[in-house]
Amino acid sequence: MATTLELWFDLRTPPELSKHTIQDTYAAALDMCEWADSLGFQAITVGEHHTTEDHYLTSPVQMAGVIGGRTKNLQLRMIILTPFYNLLRLAEDLAVLNIATGGRAIPVISSGYVPREFDMYGVRTEDRVPIVEEAVQLLRAAWSGQPFKYRGREINIVSPVSDPPPRLVMGANSPLMIRKAAALADGLSPAEQGMYEKFREERIKRGKGDPGPFPRQTPSFLYVTEEPERMWDVVGPHWLHTSNSYFRWAQQVGKTVNDKFPAVETVEDLKRNPGYRVVTPEQCLQMFDELGEDAQLHMNPMQGGLDPKVAWRSLKLFEDKVLPYLNNVKYTDNLLY
């Protein structure tokens, strides 16, 4: 079966759950990226949130640069909350990253939604959608190598000029952002799978071609082990922490619960959700068989501040007992998460 492989990191290290240090988390993430690069993984994705007690990653562009220095082939996907950036500086930083890593930078231009982040930066939440739209237009102009106007100023050139420029993807969690992504971006990273079909329809309607169906994906919360029942007790509290964190943020802005981050109270609740799987290598292979061709694997090895040593056990077992039976690793332009 052809399979696309990706690692995802938010680098949370909640003090109440993690006995290791933040430095341990970052060091392990870099080692894991190097490991994934050597095995033919296509991409890593790093997230962004601010002013969190669990130390969620705040600087995805900088982190992607460090990962790029440790790897040769991995696409460097960054969820960028653009309301919190100077957009001209962002254009420069992304161009440098793209040039230095041989064209591997893929920014996911997103709006953010957590109120206290906007309070921290002194940005109004009602301005976030216009800022995202402005960001995409500004980045395209900045990377053209040509003069352009920006906020009434004449910009002669934004250097260095990356040729080709980074591929622009937009994050979306509303019908409005889906329509804007179809009009402005090269791809979509939807908050929920159902949003993707609306993006696809809008792209076709605009004469931009069919980007293809939403790929069949493994659960984002996946741990491979020979002892599933025992390991649920280990990984479960960390996954519960992550799910509840996102759920609380969504509640603050009146959003409904999605399948990926449900309202749960116990680890037993998570066990009943198909998005959370602790499986044996044999069960993992069966899952790939059920997904069929063009499956996409997304692993969050240290999700919720899981101990790096525990995360490594799952990755190594995947390498030894699952990866050899995946016929080939497939690269795709339609990599989503």
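**Close-up views of a predicted model**

Figure 1. With a relative accessible area of 0%, L94 is buried, because burial requires a value under 20%. Beyond its neighbours within four places in sequence, L94 is in contact with V61, M78, I80, A105, P107, L139, W143 and P166. Its C-alpha atom is 9.6 Å from that of Q62, a residue 32 positions away along the chain.

**Figure 2. Packing of helices α2 and α3.** Helix α2 spans residues 60-70, and helix α3 spans residues 87-100. Their axes come within 10 Å and cross at roughly 10 degrees. Angles under 35 degrees count as roughly parallel, and α2 and α3 are therefore roughly parallel to each other. The crossing of α2 past α3 is left-handed. On the α2 side the meeting residues are V61, A64 and G65, and on the α3 side they are L90, D93, L94 and L97.

**Figure 3. The ring pair of Y56 and W249.** Y56 and W249 are both buried.

**Figure 4. The ring pair of W232 and W239.** The centres of these two rings, W232 and W239, are 5.5 Å apart and their planes stand at 80 degrees, so the pair is edge-to-face. W232 has a relative accessibility of 5% and counts as buried. W239 is buried as well, at 3% relative accessibility.

**Figure 5. An aromatic cluster and a charge over a ring.** W35, F41, W312 and F318 are linked into a cluster by ring pairs. In a separate view, R12 lies over the face of Y246, at 5.1 Å from the ring centre.

**Figure 6. E202 in helix α7.** E202 is found in helix α7, which covers residues 193-205. The relative accessibility of E202 is 11%, so this residue counts as buried, the limit being 20%. Apart from neighbours within four places in sequence, E202 is in contact with R179 and A182.

Figure 7. Most peptide bonds are trans. The bond from S159 to P160, however, is cis, with omega near 0 degrees. P160 is found in the loop between β6 (153-155) and β7 (169-172). A cis peptide bond also joins D163 and P164, with omega about 5 degrees. P164 likewise lies in the loop between β6 and β7.

Figure 8. Most residues other than glycine have a negative phi. H55, which is not a glycine, has a positive phi near 65 degrees. This residue, H55, is found in the loop between β2 and α2, and at 33% relative accessibility H55 counts as partly exposed. R151 also has a positive phi, of about 50 degrees, although it is not a glycine. R151 lies in the loop between β5 (148-150) and β6. R151 has a relative accessible area of 58% and is therefore exposed, the threshold being over 50%.

Note on methods: Residues numbered from 1 in each chain as written. Predicted model: local features only at pLDDT ≥ 70, side-chain atom pairs only at ≥ 80, totals over all residues. Heavy atoms only, no water. Helix = DSSP H or I, 4+ residues; strand = E, 2+ residues; numbered from the N terminus. Buried < 20%, exposed > 50% of the residue type's maximum accessible area, 1.4 Å probe, protein only. Phe/Tyr/Trp six-rings, centres within 6.5 Å; stacked < 30°, edge-to-face > 60°. Lys NZ or Arg CZ within 6 Å of the ring centre and 35° of its normal. Contact = heavy atoms within 4.5 Å. Axes fitted to C-alpha atoms, helices over the stretch in contact; angles between N-to-C directions. Parallel < 35°, antiparallel > 145°, perpendicular 65-115°, else oblique. Left-handed = near helix turned anticlockwise from the far one by under 90°.
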